Amino acid sequence: MTVPRRLMTPFTCVGIRGTGALNDAITQGRLPEVSLVAEALHEAHISRIATDIVARVSEKIVTDLPLRGIDLAAAALALNMSSRQLQARLKGKGTTFEAVLSQVRRRLASRYLSDSDMPLTDIAFMLGFSELSSFTRAARQWFGMPPSQYREELRKGGGGGGTAPGAPV
């Protein structure tokens, strides 16, 4: 998948440096895709204290996913531990890296689909999927419908909060 040029622009938000003009564009909402990422980063940072390993991994995923993707090894390195140590700590919390990654992707997908007119291919890329078809399969698992239909349902007021309208919880 080719990275859309507008998604390759460096940006700033909580703790990330960039140009003043770019900062202004983000804070004034002129770059909605970047604003969504900034909101997600802020939410991840505020909603959980970074002492919990699951929260720390989630925050790292939110930070790196739209920029360069992330895997277990990269997350472990960023958290100053080996992959095995990270796996063991997550297992101690009753989860896995893959489960945390899926939860973060689901939450971000729901936000991107409800709060923007971003093309589905851009959303797929920002969530770390190499193909739109992979994102569509994941959305069917998460929401019980393809992402385009989920977006339509959200806009009709038929749902929200990351669950498919009419789907069992």
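**Overall.** I began with the secondary structure, which comes to 9 helices and 0 strands, where helices (H or I, at least four residues) and strands (E, at least two) are DSSP runs numbered from the N terminus. I noted that this is a predicted model, in which local features need pLDDT of at least 70 and side-chain atom pairs count only at pLDDT 80 or more, while totals for chains, interfaces and linings use all residues. Residues are numbered from 1 along each chain as its sequence is written, and side-chain values use heavy atoms, with hydrogens and water left out. Of the 169 residues, 42% count as buried (under 20% relative accessible area, with exposed over 50% and partly exposed in between, for a 1.4 Å probe and protein chains only).

**Helix H3.** I then looked at H3 (residues 53-64), whose 12 residues reach 16 Å from first C-alpha to last, close to the 16 Å expected at 1.5 Å a residue (the expected span being 1.5 Å times one less than the number of residues). Among its buried residues I listed Ile53, Val54, Val57 and Ile61.

**H3 against H5.** How do H3 and H5 pack? Their axes, which are lines fitted to C-alpha atoms over the stretch in contact, with angles from 0 to 180 degrees between N-to-C directions, are 9 Å apart at an angle of about 125°. The two helices are therefore oblique to each other (angles under 35 degrees count as roughly parallel, over 145 as roughly antiparallel, 65 to 115 as roughly perpendicular and the rest as oblique). Ile53, Val54, Arg56 and Val57 of H3 meet Leu86, Arg89 and Leu90 of H5, where contact means heavy atoms within 4.5 Å.

**H6 against H8.** I found that the axes of H6 and H8 (residues 132-143) come within 11 Å and cross at roughly 95°, which makes H6 roughly perpendicular to H8. From H6, the residues Ser102, Arg105, Arg106, Ala109, Ser110 and Leu113 meet Phe135, Trp142 and Phe143 in H8.

**Ser114.** Last, I turned to Ser114, which is found in helix H6 (residues 97-115). Is Ser114 buried or partly exposed? Ser114 is partly exposed, because its relative accessible area is 33%. Its side chain reaches the backbone oxygen of Ser110 at 3.0 Å and makes a polar contact with the side chain of Asp115 at 3.2 Å (a pair of N or O atoms within 3.5 Å, one able to donate a hydrogen and the other to accept it, with residues adjacent in sequence counting only if both are side-chain atoms). Leu154 lies 40 residues away along the chain, yet the C-alpha atoms of Ser114 and Leu154 are separated by 6.1 Å.
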